[in-house]
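Today I'm looking up pockets, the overall build and a few charged pairs.

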Amino acid sequence: MTSRPARTPTTRPRRSPARPHETTPPPAQRRDARATRARILDAARRELTRDPDSSLEDIAGAAGVARRTVYVHFACRAALVEGLAAEAAEAIRRAVAGAPAPTPDAVADLARFVLMVWPVGDRYRALIRLARGHDLARARVDELLTPARSMAARVLAHGRRQGVFQTTVPPNPLGRAIEAQLLALLDCADCGLWSDDGTGTGAATATLIAAGVAPDTAAAKVDQVRKSGSPPSPV
């Protein structure tokens, strides 16, 4: 009987292990998403400053995106308002973090503080009306203002020890009163009832007067701080 030739075993190529499903979008897509989100927030800030009752459709149109694109980033109007509040909180934190250490001149320190935070308040002044209309919770407003409040209280306490600020009202209540004045000035600027030169000069002068500095001295000190450009060396 003729024997059959032995079969040569065939080698099957190994299958590559299944790769897990990739859910992380590529970097370019992430950059595009961040840019779109920023554009929506910028449009929301402008539209809500113009009209606090602006709809998501209004904001989408101002941003140049479809309404459904807004919903991709913000599930509802409340989420969009919170996005603006988060931006404002971060801007306030950066402004306060960049402030110099106390100097021997507490009046200049207070003027410099207002000149630093006023542009932030001016940019996000829509939040004032939104808070008044209960679109933004009071607790959230307190949270985002905390860094500025703490710094204002420190500057006022320092000036009180120097004898350059009024002593009728303690630093913390005085700071809250000055805060209310600044918010009112922002609101009046929004309504066209008051104007500043965009740098906060008038607001800083008004703050110094509220703290107990004579009007002429306050105006001269704010002018001096503005012209100095950079703050003096810390103590």
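This is a predicted model: local features need pLDDT of at least 70, side-chain atom pairs count only at pLDDT 80 or more; totals for chains, interfaces and linings use all residues.

**Entry 1: the largest pocket.** I started with who builds the lining. α4 (77-97), α5 (106-123), α6 (126-132), α7 (138-162) and α8 (171-191) each put in at least two residues. The largest share is from α7, with eight residues.

The lining has 30 residues, and I92, L145, E179, L183 and L186 sit nearest the centre of the pocket. I sorted the lining by class and got 23 nonpolar, two polar and five charged residues. The space inside comes to about 620 Å³.

**Entry 2: the second largest pocket.** Its volume is about 180 Å³. I found 14 lining residues here, with P100, A101, P102, M151 and V155 nearest the centre. α5 and α7 each give at least two residues to this lining, and α7 has the largest share with five. By class I noted nine nonpolar, one polar and four charged residues.

**Entry 3: the whole chain.** I went back to the overall build. The chain has 10 helices and zero strands. Of its 235 residues, 38% count as buried. I also checked contacts between residues at least 6 apart in sequence: 70% of them join residues at least 24 apart. The accessible surface is about 14,100 Å², and carbon and sulfur atoms account for 54% of that.

**Entry 4: salt bridges.** How many salt bridges does a search of the whole structure find? I got 19.

First pair I looked up: R45 and D42, whose closest N and O atoms are 2.5 Å apart. They are three residues apart in helix α1 (residues 27-50), so about one helical turn separates them. Is R45 buried or exposed? R45 has 14% relative accessibility, so it counts as buried. D42, at 27%, is partly exposed.

D42 also forms a salt bridge with R46, at 3.4 Å from N to O. These two are four residues apart in α1, again about one turn of the helix. R46 is partly exposed, with a relative accessible area of 38%.

Next I looked up D135 and R77, which meet in a salt bridge at 3.6 Å, N to O. This pair links distant parts of the chain: D135 is in the loop between α6 and α7, R77 is in helix α4, and they are 58 residues apart. Both are partly exposed, D135 at 33% and R77 at 25%.

Methods
Residues are numbered from 1 along each chain as its sequence is written. Side-chain values use heavy atoms; hydrogens and water are left out. Buried means under 20% relative accessible area, exposed over 50%, partly exposed in between (1.4 Å probe, protein chains only). Contact means heavy atoms within 4.5 Å. Accessible areas come from the Shrake-Rupley method with a 1.4 Å probe; for residues, only the protein chains shown count as cover. On a 1 Å grid over the protein atoms alone, a cavity is a set of points where a 1.4 Å probe fits but cannot get out, and a pocket is an open set with protein on both sides within 12 Å along at least five of seven lines; lining residues have an atom within 4 Å of a point. Grid points are joined across faces, edges and corners, and a volume is the space filled by probe spheres set on the points. Ala, Val, Leu, Ile, Met, Phe, Trp, Tyr, Cys and Pro count as nonpolar, Asp, Glu, Lys and Arg as charged, and the others, Gly among them, as polar. A salt bridge is a side-chain nitrogen of Lys or Arg within 4 Å of a carboxyl oxygen of Asp or Glu.
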